[in-house]
Amino acid sequence: MSVPLTLLGLLEREPSHGYDLKRDYDAFFGRGKPLPYGQVYATLGRLARDGKVVVGDAEPGSGPDRKRYVITEAGATEFESWLTEPVDAEPHLQTVLFTKVVLALILGRPAEEYLDAQRAAHMRRMRELTDIKRSGSLVDALLADHGLFHLESDLRWIDLTAARLDALAREVTGG
């Protein structure tokens with residue numbers, strides 16, 4: 001996910017303080033992986049340097065003075081361009097799963113054990129996501145669905161690869 005473009009999108013809605021941007025980012029996009037404050041302010045600094053946001057005057061708050069960030073026309077144009085551009089369908093032709101299987105086969109290690117362990121880890125994560133989907137908000141449910149669909153795809157690949165391990169081993173080892 002592009003943190004700078006996401007922050008620009010949040011700023012297009014309304015000028016905001018860094019704290020508010022972090023809160024909104026975490027609420028919608030940071031499930032299980034909140035955005036560190038340092039990354040928020042470093043990103044806002046780069047966006048300001050690049051002319052995509054301007055920093056308003058510091059305002060007193062309960063803690064340190066707070067700065068309000070405002071998106072510029074250049075920032076709004078970049079965000080609009082990003083938002084309207086379709087995401088490339090990435091075939092993931094060389095995923096970590098594939099790399100581990102091939103390396104295990106090349107090294108004479110038990111690739112089927114790796115695939116079994118990976119399948120079990122995916123199943124555990126699917127159970128967690130299913131629980132989130134059942135008990136969470138609509139945002140949580142949609143994010144869980146996205147994760148579940150990817151895990152289901154990986155599981156199909158794991159099963160297909162396990163069925164073809166002997167042939168793959170011959171191909172990658174030359175034997």
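Okay, one definition before we start: a helix axis here is a line fitted to C-alpha atoms over the stretch in contact, and the angle between two axes runs from 0 to 180 degrees between their N-to-C directions. Keep that in mind, and remember that what you're looking at is a predicted model.

So, the whole chain. We've got eight helices and three strands. Starting at the N terminus, the order goes α-β-α-α-β-β-α-α-α-α-α. The C-alpha trace spans about 70 × 40 × 30 Å along its principal axes. For 175 residues, a compact globule would have a radius of gyration near 16 Å, but this chain comes in at 22 Å. Buried residues make up 31% of the 175.

Now let's zoom in on two helices. Find α6, residues 111-135, on your screen, and then α7, residues 138-163. How far apart are their axes? They sit 9 Å apart, and the helices pack at an angle of about 160 degrees. Because anything over 145 counts as roughly antiparallel, α6 is roughly antiparallel to α7. The crossing of α6 and α7 is left-handed. And what's in that contact? You'll find 13 nonpolar residues, five polar and eight charged.

Last stop: A120, which sits in α6. Is A120 buried or exposed, or something in between? Its relative accessibility is 33%, so A120 counts as partly exposed. If you want a distance to check, go from A120 to L155: they're 35 residues apart along the chain, and their C-alpha atoms are separated by 9.7 Å.

One more number for the chain as a whole: take contacts between residues at least 6 apart in sequence, and 55% of them join residues at least 24 apart. That's it from me!

Key
Residues are numbered from 1 along each chain as its sequence is written. This is a predicted model: local features need pLDDT of at least 70, side-chain atom pairs count only at pLDDT 80 or more; totals for chains, interfaces and linings use all residues. Side-chain values use heavy atoms; hydrogens and water are left out. Helices (H or I, at least four residues) and strands (E, at least two) are DSSP runs, numbered from the N terminus. Buried means under 20% relative accessible area, exposed over 50%, partly exposed in between (1.4 Å probe, protein chains only). Angles under 35 degrees count as roughly parallel, over 145 as roughly antiparallel, 65 to 115 as roughly perpendicular and the rest as oblique. A crossing is left-handed if the near helix is turned anticlockwise from the far one by less than a right angle, and right-handed if clockwise. Ala, Val, Leu, Ile, Met, Phe, Trp, Tyr, Cys and Pro count as nonpolar, Asp, Glu, Lys and Arg as charged, and the others, Gly among them, as polar. The radius of gyration is taken over C-alpha atoms; the globule rule is 2.2 Å times the number of residues to the power 0.38. Contact means heavy atoms within 4.5 Å.
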